[in-house]
Amino acid sequence: MSYVYAIIDSQVSTCLKLKTHLSNYSDFELRTMVHNHYDGVNMILKYLPDVVFINLTEDDASNYFNMLSELYQYTNKVPIVIGYSETKQFAYDAIKQGFFDYWLFPYTEFDVRKTILKLRRQYPLENKQTTICLKTYRDFHYLDTSEILYLKADNNTTDFILTGGHKVSAYKTLKSFEEALPKNFIRIHQSYILNSQYVSRINYGKSICTLKNNPREIPFSKSYKTRIDELQAVLSNNAIQHVN
């Protein structure tokens with residue numbers, strides 16, 4: 001498991017600097033980066049990140065504080081917020097808003113490390129593995145979701161394809177599992193749901209995804225292309241190097 005985080009920063013250079021610092025922590029997973037408070041609200045409600053880093057500049061600090069207040073109207077899960085700024089001017093308002101920490105430019109690697117260690121201590125990740133139960137009459141089959149490569153619809157049944165090559169069938173439709181599975185499972189086709197943690201390639205020309213540990217190419221359809229675009233953005237953001 002990992003802390004999913006997002007960055008809201010109008011300045012590309014400081015955004016990339018923070019991303020570089022956080023790439024040293026394997027339990028922190030970048031979900032997205034946006035550049036203003038309008039996109040910030042939508043991003044938080046869409047991805048529900050665990051942690052959000054915000055660059056509080058003189059031009060838009062008040063907008064970010066209002067953005068955080070607005071979130072309580074729509075969701076009970078407000079992320080842990082860490083702010084950074086060139087001035088102490090917004091520190092008091094940040095404390096009132098419940099910010100977890102506040103850095104001053106030029107913040108250092110040590111500042112980041114102290115915050116990460118404090119966050120891990122106060123908000124430890126759960127070590128529990130997510131398990132799904134497939135019930136057929138009096139037969140209960142328990143699957144660790146980390147071992148599921150993808151799901152395939154077969155009329156009114158669903159086949160679970162596992163990392164070891166095994167297949168387990170359930171007498172329910174694909175739709176019934178779509179919302180029950182963790183967020184890393186993505187519907188990309190009328191007949192397929194992928195575990196995004198195993199995606200090794202996205203080929204837009206052929207409209208297919210390739211998975212680790214499995215030779216089969218999984219198709220995606222135009223109606224689900226937006227989800228493929230979001231997945232591609234996340235995978236590229238988390239890649240060590242992105243070569244054009």
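Rings of Phe, Tyr and Trp (for Trp, the six-membered ring) pair here when their centres lie within 6.5 Å; planes under 30 degrees apart are stacked, over 60 edge-to-face, and the rest tilted. Keep in mind that this is a predicted model, where local features need pLDDT of at least 70 and side-chain atom pairs count only at pLDDT 80 or more, while totals for chains, interfaces and linings use all residues. Numbering runs from 1 along each chain as its sequence is written, and side-chain values use heavy atoms, with hydrogens and water left out.

**Stop 1: the aromatic cluster.** Select Tyr3, Tyr5, Tyr25, Phe28, Phe53, Tyr84, Trp103, Phe105 and Tyr107, which form one aromatic cluster. The model has 15 aromatic pairs by the ring rule. Zoom in on Tyr84 and Tyr107: their ring centres are 5.8 Å apart and the planes sit at 65°, so this pair is edge-to-face. Tyr84 belongs to strand 4 (residues 80-85), and Tyr107 to the loop between strand 5 (101-104) and helix 5 (109-122), 23 residues apart. Helices (H or I, at least four residues) and strands (E, at least two) are DSSP runs, numbered from the N terminus.

The scale: buried is under 20% relative accessible area, exposed over 50%, partly exposed in between, using a 1.4 Å probe and protein chains only.

**Stop 2: another tyrosine pair.** Now pick Tyr150 and Tyr192, with ring centres 6.0 Å apart and planes at 50°, so the pair is tilted. Tyr150 is in strand 8 (residues 148-154) and Tyr192 in strand 12 (residues 192-195), so parts 42 residues apart in sequence are tied together. Both tyrosines are buried.

**Stop 3: charges over rings.** Then show Lys118, whose charged end sits over the ring of Phe100, 5.1 Å from its centre. The test is NZ of Lys or CZ of Arg within 6 Å of the ring centre and within 35 degrees of the ring normal.

**Stop 4: the nonpolar core.** Which residues have the most contacts inside the largest nonpolar core? Select Ile8, Ile54, Leu56 and Met67, out of 21 residues in that core. Such a core is a set of buried Ala, Val, Leu, Ile, Met, Phe, Trp, Tyr and Cys residues joined through side-chain atoms within 4.5 Å. Colour helix 3 (61-71), which gives the largest share, 6 residues.
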